[in-house]
Amino acid sequence: MPAEWRYSTAPAMSKEFFQAHFYPREHSWRAWFTNSLNYYLACLFFNAFPLPQREAGAREAMAHMGALASRGVSILIFPEGRITDDGAIQPFQPGVGMLASRLGLPIVPIRLEGLHQVLPRNQRWPRPGRVRVIFGPPIQVQSDNYAAIAAAVEEAIRAL
């Protein structure tokens, strides 16, 4: 992303991916060190923040996202909750609906095409290739039905 967007956008990253950083007693010193280094570099260079997917801490993450949004920072969430192997859109998790509804934020649908070829799940480094980014019109959330919101966002992204 261009620099002016990069630091006004905060992508959510899976907290569980950084287990060694958050739970160092359960890991070797080397695993903790490399995992913590990766965590701090992602935070520093990509303005990323941890979002728990399978453990406690959603309230703290929601408060952090609210603080980010109040400062004008766009929050980037991948509502599928996982990386796809073949580029197919996976079912969206209702968490995207919960976040938008509780924080009172619009959702801007974004479709990424070709990313699975540039950075496959089992690769450490990206490969040269084309990625297409398509933006849709903002969706105003006016419901507390989180699954319905997620389904509407998924439908909007599939239509892009």
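In this predicted model, M13 stands opposite P50 of strand β2, and the two strands concerned, β1 and β2, pair in the parallel sense over three bridges. They belong to an open sheet of three strands, ordered β2-β1-β3 with parallel pairing. Because β2 and β3 (74-76) stand at the edges and each has a single partner strand, one side of each is left without a neighbour in the sheet. From one strand to the next, the twist averages 35 degrees.

Two helices lie across strands of this sheet, as the table sets out.

| Helix | Strands it lies across | Angle |
|---|---|---|
| α3 (residues 29-46) | β1 and β2 | about 160 degrees to β1 |
| α4 (58-70) | β1, β2 and β3 | about 140 degrees to β2 |

The largest nonpolar core has 10 residues in all, namely A10, A12, F49, L51, A61, M62, M65, L68, V73 and L99. At least two residues of this core come from each of β1 (9-14), β2 (49-51) and α4 (58-70), and α4 gives the most, with four residues. Apart from this core lies another one, of nine residues, which includes A100, I107, A150 and I157. In soluble globular proteins, nonpolar side chains tend to be buried together.

Note on methods:
Residues are numbered from 1 along each chain as its sequence is written. This is a predicted model: local features need pLDDT of at least 70, side-chain atom pairs count only at pLDDT 80 or more; totals for chains, interfaces and linings use all residues. Side-chain values use heavy atoms; hydrogens and water are left out. A nonpolar core is a set of buried Ala, Val, Leu, Ile, Met, Phe, Trp, Tyr and Cys residues joined through side-chain atoms within 4.5 Å. Buried means under 20% relative accessible area, exposed over 50%, partly exposed in between (1.4 Å probe, protein chains only). Two strands pair if DSSP finds at least two bridges between them. Axes are lines fitted to C-alpha atoms, for helices over the stretch in contact, and angles run from 0 to 180 degrees between N-to-C directions. Contact means heavy atoms within 4.5 Å.
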